[in-house]
Amino acid sequence: MILEIVSPEATLFKGEVTSVSLPGVDGSFQILNNHAPIVSILKHGVIKIEAPSFTMLKDVEHKFTKVNEQTFLLEINSGTIEMKDNKVNVLVD
């Protein structure tokens with residue numbers, strides 16, 4: 001599936017991922033390939049991105065924490081998420 005994370009300043013990430021875990025207002029949840037359509041509000045927490053490989057933009061890579069070669073974390077204050085047609089759009093603050 002495709003994940004795109006956008007902040008008011010820039011696109012933070014766009015690429016193919018295997019899963020993404022998000023801090024929802026009613027609890028954390030994970031989205032996998034071909035997940036049912038969903039729209040949700042996000043609270044302060046960490047987005048966990050898992051992918052076979054990563055290509056980070058140099059000007060935003062400092063915002064991410066590398067866990068290993070396939071996993072990165074991104075701390076957010078709040079946001080919204082939409083999953084539709086195997087594409088995850090995340091707007092973060």
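I38 lies in strand β5; strands are DSSP runs of E of at least two residues, numbered from the N terminus. The model is predicted: local features need pLDDT of at least 70, side-chain atom pairs count only at pLDDT 80 or more, and totals for chains, interfaces and linings use all residues. Residues are numbered from 1 along each chain as its sequence is written, and side-chain values use heavy atoms, with hydrogens and water left out.

I38 counts as partly exposed because its relative accessibility is 26%, where buried means under 20% relative accessible area, exposed over 50% and partly exposed in between (1.4 Å probe, protein chains only). Leaving aside neighbours within four places in sequence, I38 is in contact (heavy atoms within 4.5 Å) with F29, I31, I81, E82 and M83. The C-alpha atoms of I38 and K84 are separated by 7.0 Å, although these residues are 46 apart along the chain.

S40 is also placed in β5, which covers residues 38–42. With a relative accessible area of 17%, S40 is buried. Not counting residues up to four places away in sequence, S40 touches F29, G79, T80 and I81.

## Nonpolar core

A nonpolar core is a set of buried Ala, Val, Leu, Ile, Met, Phe, Trp, Tyr and Cys residues joined through side-chain atoms within 4.5 Å. The largest one here has 26 residues, and I5, I47 and V90 touch the most other members. Two or more residues each come from β1 (2–6), β2 (11–16), β3 (19–24), β4 (27–32), β6 (45–50), β8 (71–76), β9 (79–84) and β10 (87–92). In soluble globular proteins, nonpolar side chains tend to be buried together.

V90 has contacts with L3, E4, I5, V6, L22, L42, I47, T80 and I81, leaving aside its neighbours within four places in sequence.

## Overall fold and surface

The protein has 10 strands and zero helices. Buried residues make up 39% of its 93 residues. Of the contacts between residues at least 6 apart in sequence, 54% join residues at least 24 apart.

The C-alpha atoms fill a box of roughly 30 × 25 × 20 Å along the principal axes. The radius of gyration, taken over C-alpha atoms, is 12 Å, which agrees with the value near 12 Å for a compact globule of 93 residues; the globule rule is 2.2 Å times the number of residues to the power 0.38.

The accessible surface comes to about 5400 Å², and 51% of it belongs to carbon and sulfur atoms; areas come from the Shrake-Rupley method with a 1.4 Å probe.

Note on methods
Helices (H or I, at least four residues) and strands (E, at least two) are DSSP runs, numbered from the N terminus.
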